[in-house]
Amino acid sequence: MRSIGIIGLGHVGRQLATQLVTGRQVDRLTLIDQDDDLALAIQTDLTDLAGIQNTYPEIIIQDWAALANSEIVVTAFGKSKLQTQTTDAELTFNQQAACQVADQLKSQQFAGILINVADPNEAVTAYLQEKAALPPKHVLGVGTSLETIHMRRAVAHAVQLSPANVSGFVYGQHNGQQVFAWSTVKVNGQSLDQSLNGHHVDLNQAKVRADMNNWYTLHGMHYNAAGIAGVVVQIIQAILENQNLALPLAIYQPQYNTYVSFPTLINRQGQGNLLLLKLYPVEENAVKVAATAVQSQLASLRKLEGEHDD
Ligand SMILES: NC(=O)c1ccc[n+]([C@@H]2O[C@H](COP(=O)([O-])OP(=O)(O)OC[C@H]3O[C@@H](n4cnc5c(N)ncnc54)[C@H](O)[C@@H]3O)[C@@H](O)[C@H]2O)c1
């Protein structure tokens with residue numbers, strides 16, 4: 001039985017629930033939000049959708065105890081409109097939300113895999129792992145998945161090929177110290193310093209184009225939802241089907257002693273082996289800088305907790 005929980009039913013949470021029901025990828029879906037009316041509305045709406053499809057997943061709302069047996073819980077709490085204010089505005093809001101959610105998961109003895117979407121992604125993922133006292137390999141964040149998709153699409157555009165021909169990763173920190181690791185990027189197995197389909201990739205132009213992809217979505221909608229929900233569906237499939245799929249997620253990286261976005265295999269255990277690709281020295285340094293930035297955000301989250309406790 002594929003049993004999945006979603007905590008936070010805003011733009012991302014409800015989009016994810018819709019994708020799971022539409023794709024017939026869930027048998028038991030537990031939906032939780034701090035807004036009761038919203039949870040009931042989404043349950044009703046999704047039940048309509050499921051009925052039209054002739055599928056009948058069990059859709060439970062506002063029941064923390066139902067998460068106890070979930071294989072996967074996705075945290076998509078937050079207040080995304082704060083992102084248009086200062087960089088750290090959502091950090092303060094999400095510190096309290098993460099504490100509440102982690103306490104509940106702990107008291108329900110949740111023992112599945114947690115996928116975190118809430119931002120700042122790497123730091124909140126680390127904080128949730130700490131507060132819920134789950135094994136680090138069972139707590140993953142979406143990390144630089146979207147940046148990686150944007151990068152691959154920008155490279156594909158430059159060489160006039162499908163993004164399916166492009167591999168490689170953005171490391172570091174989502175919405176912060178992103179590291180476009182060009183040393184890892186290949187087009188049909190060929191590195192970017194070669195002529196590819198008769199084109200040379202201008203790395204600066206590719207980076208600008210990748211960043212613009214993010215900007216277009218945020219400028220027009222003030223949030224992103226469909227792409228990131230698609231990423232979470234991909235992670236869920238990789239876990240449930242034990243795929244060993246390589247994805248650039250926010251994971252605990254012992255080398256940096258913190259969470260950071262880094263390519264890793266994803267399987268039934270959550271995080272599998274890290275993909276230790278040889279980076280250029282400048283890229284390695286940039287990942288260290290990103291790890292330091294994540295550690296500083298994590299320290300801010302812990303400090304806020306101390307202030308609330310006083
Ligand atoms: N990492 C990424 O690539 C990425 C992409 C998109 C969004 N995000 C982040 O994901 C989070 C969700 O985004 P969104 O656009 O859906 O936000 P949103 O503001 O639309 O919705 C957040 C939802 O969480 C609920 N919520 C808040 N605190 C809660 C709590 N303690 N318990 C239960 N529910 C709670 C709210 O009621 C709301 O319905 C935000 O932190 C956003 O910044 C990250």
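A: Begin with residue classes. Ala, Val, Leu, Ile, Met, Phe, Trp, Tyr, Cys and Pro count as nonpolar; Asp, Glu, Lys and Arg count as charged; the others, Gly among them, count as polar. By these classes, the shell around the ligand has 15 nonpolar, 13 polar and five charged residues. This is a predicted model: local features need pLDDT of at least 70, side-chain atom pairs count only at pLDDT 80 or more, and totals for chains, interfaces and linings use all residues. Residues are numbered from 1 along each chain as its sequence is written.

Q: Which residues around the ligand come nearest?
A: A residue is near a molecule or strand if its C-beta atom, placed from the backbone, lies within 6 Å of it. Of the 33 residues around the ligand, Gly-8, Gly-10, Val-12, Gly-78 and Ser-80 come nearest.

Q: Which element gives the largest share of the shell around the ligand?
A: Elements are DSSP runs, numbered from the N terminus: helices are H or I with at least four residues, strands are E with at least two. The largest share of the shell, five residues, comes from α3. Both α1 and α3 (89–107) supply at least two residues each.

Q: Where are the domains of the protein chain?
A: Domain bounds come from an automatic or database domain assignment. Here that assignment gives domain 1 (3–141) and domain 2 (145–299). Their centres, taken over C-alpha atoms, are 23 Å apart. The shell around the ligand draws at least three residues from each of the two domains.

Q: How many residues of domain 1 are in contact with domain 2?
A: Two residues are in contact if their C-beta atoms, placed from the backbone, lie within 7 Å. By that rule, 32 residues of domain 1 are in contact with 31 residues of domain 2. On the domain 1 side, the elements that give two or more residues are α1 (11–22), β4 (72–75), β5 (113–116), α4 (121–132) and β6 (139–141). The residues of that side divide into 16 nonpolar, 11 polar and five charged.

Q: What makes a residue buried or exposed?
A: Count the other C-beta atoms within 10 Å of its own, with C-beta atoms placed from the backbone: 20 or more means buried, 12 or fewer exposed, and in between partly exposed. His-11 is buried because it has 20 other C-beta atoms within 10 Å. Ser-162 has 10, so it is exposed.

Q: How many residues does the largest nonpolar core have?
A: A nonpolar core is a set of buried Ala, Val, Leu, Ile, Met, Phe, Trp, Tyr and Cys residues joined through C-beta atoms within 7 Å. The largest one has 93 residues, and Val-155, Val-232 and Ile-235 have the most contacts inside it. This core draws at least three residues from each of domain 1 and domain 2. Take Ile-235: leaving aside neighbours within four places in sequence, Ile-235 is in contact with Ile-115, Leu-140, Leu-247 and Ile-266.

Q: Which residues does the UniProt annotation "binding site" cover?
A: UniProt positions are given in the numbering used here, feature names are shortened, and annotations may be inferred rather than shown by experiment. The "binding site" record (unreviewed entry) covers Gly-8, Leu-9, Gly-10, His-11, Val-12, Gly-13, Asp-33 and Asn-94. Gly-8 is found in the loop between β1 (3–7) and α1. Gly-8 counts as buried because it has 25 C-beta neighbours inside 10 Å. His-11 lies in helix α1. Beyond four places in sequence, His-11 is in contact with Ser-80, Tyr-223 and Ala-225.

Q: Where does UniProt place the feature "active site"?
A: The record (unreviewed entry) places it at His-174. His-174 is found in the loop between β8 (170–172) and β9 (178–180). With 27 C-beta neighbours inside 10 Å, His-174 counts as buried. Leaving out residues up to four places away in sequence, His-174 touches Asp-119, Asn-121, Glu-122, Gly-143, Thr-144, Glu-147 and Ser-261.

Q: Which peptide bond is cis?
A: Look at the bond from Asp-119 to Pro-120: it is cis, with omega near -10 degrees. Pro-120 lies in the loop between β5 and α4.

Q: What is the phi of Gln-109?
A: Gln-109 has a positive phi of about 55 degrees, although it is not a glycine. Gln-109 is found in the loop between α3 and β5. Gln-109 counts as exposed because it has 9 C-beta neighbours inside 10 Å.
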